[in-house]
Amino acid sequence: MAAARRFKAPIDLHTHSSVSDGTESPAQLIRAARVAGLGTVALTDHDSTAGWAEATQATLGTGLTLIPGMEFSTRISFASVHLLAYLFDPTNATLVAETARIRQARLVRAEQMVNRIGEDYALSWDDVLAQSTDGGTIGRPHIADALVARGHALTRSEAFAGILHWKAGYYQPHYAPDPLTAVKMVRAAGGVPVLAHPATRSVSEVVPEERLAKLVDAGLFGLELDHRENKPESVARLRELAAKLGLEITGSSDYHGDGKPNRLGENTTAPDVLEKIIEQATGAEPVYG
Ligand code: AMP
Ligand code: FE
Ligand code: FE
Ligand code: ZN
């Protein structure tokens with residue numbers, strides 16, 4: 001007889017706190033997950049596990065299940081490709097070093113972008129620091145918030161569609177490993193890797209079938225196909241590929257608090273799929289609150 005499940009649905013496996021580019025602290029995010037009626041939530045800040053401890057404390061005694069995770073920045077040429085990683089060992093030396101390297105590269109890149117934007121708009125690096133948390137992962141969202149604070153855009157999304165869009169000429173990439181290396185690192189740390197929002201135009205272009213097959217050979221577990229930024233025409237093709245390659249399918253909100261319109265639980269993952277993630281993971285345990 002199968003053991004009874006310790007986690008509840010609905011299950012949302014992709015959210016961000018102020019440790020990266022979400023607008024709520026990890027504890028506030030856990031409260032928001034409860035208010036939204038979730039049974040299980042994964043915290044997946046960009047390139048950082050710094051929110052795990054606070055999220056764990058906030059989860060205990062609530063009945064919610066927390067899946068500690070991360071959204072690992074990877075890159076193919078100029079295209080950024082995100083890899084969700086669940087239940088890996090947060091003290092794994094390779095991952096600790098690699099994510100520190102990415103966070104540092106993000107910092108340098110953000111400052112360079114701000115210097116160039118500052119030639120055309122009133123904007124300083126201090127403006128951006130004022131929008132981020134100490135030691136947190138810096139990204140374009142923090143520059144966007146600084147642009148909003150300075151009155152150069154009305155919302156984060158408007159800043160992304162304008163000054164921060166690559167077409168505006170200020171965009172710069174930052175160091176990140178290739179996805180194949182990242183998948184291997186996550187597995188080596190006992191984690192379970194899922195390709196985040198793989199049907200956005202840029203990702204589906206840079207990850208054709210042959211490359212996806214190599215990621216599967218290296219240990220890729222699944223594709224996050226139920227996500228608002230995926231393009232329906234690419235989702236249909238990737239669903240067929242997932243069946244062919246034996247990949248699982250996940251769904252999630254990619255909640256960023258007030259930083260994005262995405263709402264908690266707007267897309268969810270099937271309990272059977274989460275069960276497999278927990279079975280395969282050896283690096284960390286879910287937090288059963
Ligand atoms: P970066 O990794 O620094 O290039 O910034 C990309 C991040 O910005 C992603 O994690 C997205 O979640 C976030 N982002 C992208 N587009 C938008 C948008 N329109 N509004 C708010 N956040 C966005
Ligand atoms: Fe983000
Ligand atoms: Fe992402
Ligand atoms: Zn995300």
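**Conventions.** I number residues from 1 along each chain as its sequence is written, and take chains as lettered from A and ligands as numbered from 1 in the order in which they are written. Because the model is predicted, local features need pLDDT of at least 70 and side-chain atom pairs count only at pLDDT 80 or more, while totals for chains, interfaces and linings use all residues; side-chain values use heavy atoms, with hydrogens and water left out.

**Entry 1: iron ion (ligand 3).** I looked up the donors, meaning N, O and S atoms within 2.8 Å of the metal (3.2 Å for Na, K and Ca); water is not among the atoms, so sites may look incomplete. Glu71 (OE), His82 (ND1) and His197 (NE2) coordinate this iron ion at 2.0 to 2.2 Å. Glutamate 71 lies in strand E3 (residues 65-76) and histidine 197 in the loop between strand E5 (192-195) and helix H8 (201-206), so the pair, 126 residues apart, links distant parts of the chain. Helices (H or I, at least four residues) and strands (E, at least two) are DSSP runs, numbered from the N terminus. I then checked burial, where buried means under 20% relative accessible area, exposed over 50%, and partly exposed in between (1.4 Å probe, protein chains only). Glutamate 71 counts as buried because its relative accessibility is 1%; histidine 197, at 9%, also counts as buried. The iron ion (ligand 2) is 5.4 Å from the iron ion (ligand 3).

**Entry 2: zinc ion (ligand 4).** I found His14 (NE2), His16 (NE2), Glu71 (OE) and Asp254 (OD) as its protein donors, at 2.1 to 2.3 Å. The spacing is H-x1-H-x54-E-x182-D. Aspartate 254 sits in the loop between strand E7 (248-251) and helix H11 (271-280), 183 residues from glutamate 71. Both glutamate 71 and aspartate 254 are buried. I noted 4.2 Å between this zinc ion and the iron ion (ligand 2).

**Entry 3: arginine 156.** I located arginine 156 in helix H6 (residues 156-161). Arginine 156 is buried because its relative accessible area is 9%. Its side chain reaches the backbone oxygen of aspartate 21 at 2.8 Å. Leaving aside neighbours within four places in sequence, I listed its contacts (heavy atoms within 4.5 Å). Among them are Asp21, Thr23, Pro141, Asp145, His256 and Gly259.

Note on methods:
Polar contact = N/O pair within 3.5 Å; in protein donor to acceptor, adjacent residues only side chain to side chain.
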